[in-house]
Amino acid sequence: MRFGPDVEWIDRVVYEVDEAKADQFYDAIRKFWPALPEGSLHADYSGIRPKLAGPGQPSRDFLIEGEEDHGVKGVVNLFGIESPGLTSCLAIADHVADLLGKYSA
Ligand SMILES: Cc1cc2nc3c(=O)[nH]c(=O)nc-3n(C[C@H](O)[C@H](O)[C@H](O)COP(=O)(O)OP(=O)(O)OC[C@H]3O[C@@H](n4cnc5c(N)ncnc54)[C@H](O)[C@@H]3O)c2cc1C
């Protein structure tokens, strides 16, 4: 079973996982699984998640930039496609297709 993820703001790229964070996970998981045995959790991987909003800032919407924004024909930048990016993927794809179709016309 897999739990998480959590978020940790960093100033440099590091992939080590602090095993001491397990305590926070035990506390959180035991809210819905009180009998979770001590010593049963093991650290998984970490990754770097680029964010459009920094610590303490309100989260912001996806940022999609086409030729009108950056001036490069045929290029669409998609920034900050975090949750609910998966749910939105078909709508995002339609929007990108519109942008590309618009520019190729
Ligand atoms: C824990 C978690 C839970 C989430 N839950 C939800 C949810 O419930 N509902 C929802 O709608 N969204 C959810 N999301 C958000 C959703 O997963 C993302 O919005 C979506 O996956 C973004 O799609 P993407 O194609 O832009 O990027 P990704 O899915 O990240 O795809 C990028 C791909 O590019 C590859 N790649 C990166 N660099 C290189 C390189 N240099 N060369 C080659 N390949 C490269 C990566 O390996 C990856 O396969 C969740 C995200 C996380 C992290």
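These legends describe close-up views of one predicted model. Local features are reported at pLDDT of at least 70 and side-chain atom pairs at pLDDT 80 or more, while totals for chains, interfaces and linings use all residues. Residues are numbered from 1 along each chain as its sequence is written, and side-chain values use heavy atoms, with hydrogens and water left out.

**View 1. The two domains of the chain.** Domain 1 covers residues 1-49, and domain 2 covers residues 63-104. These bounds come from an automatic or database domain assignment. Taken over C-alpha atoms, the centres of domain 1 and domain 2 are 33 Å apart.

**View 2. The residues around the ligand.** Pro5, Ile81, Glu82, Ser83, Pro84, Gly85, Leu86 and Thr87 surround the ligand, each with a heavy atom within 4 Å of it. By class, this shell has four nonpolar, three polar and one charged residues. Here Ala, Val, Leu, Ile, Met, Phe, Trp, Tyr, Cys and Pro count as nonpolar, Asp, Glu, Lys and Arg as charged, and the others, Gly among them, as polar.

**View 3. Ligand oxygen and protein backbone.** A polar backbone atom of glutamate 82 is 3.4 Å from an oxygen atom of the ligand. For proline 84 the corresponding distance is 3.3 Å, and for glycine 85 it is 3.5 Å. The protein buries 27% of the 990 Å² that the ligand exposes when taken alone (Shrake-Rupley method, 1.4 Å probe).

**View 4. Two cis peptide bonds.** Glycine 4 and proline 5 are joined by a cis peptide bond with omega about 5°. Proline 5 is in the segment before H1. A cis peptide bond also joins serine 83 and proline 84, with omega about 10°. Proline 84 is in the loop between strand E2 (77-79) and helix H3 (89-104). Helices (H or I, at least four residues) and strands (E, at least two) are DSSP runs, numbered from the N terminus.

View 5. Lysine 21 sits in the segment before helix H1 (22-29). Lysine 21 counts as buried because its relative accessibility is 15% (buried means under 20% relative accessible area, exposed over 50%, partly exposed in between; 1.4 Å probe, protein chains only). Leaving out residues up to four places away in sequence, lysine 21 touches Asp6 and Glu8, where contact means heavy atoms within 4.5 Å. Aspartate 27 lies in helix H1 and counts as exposed because its relative accessibility is 55%. From C-alpha to C-alpha, aspartate 27 and glutamine 57 are 26 Å apart in space, and they are 30 residues apart in sequence.

How values were computed: Polar contact = N/O pair within 3.5 Å; in protein donor to acceptor, adjacent residues only side chain to side chain.
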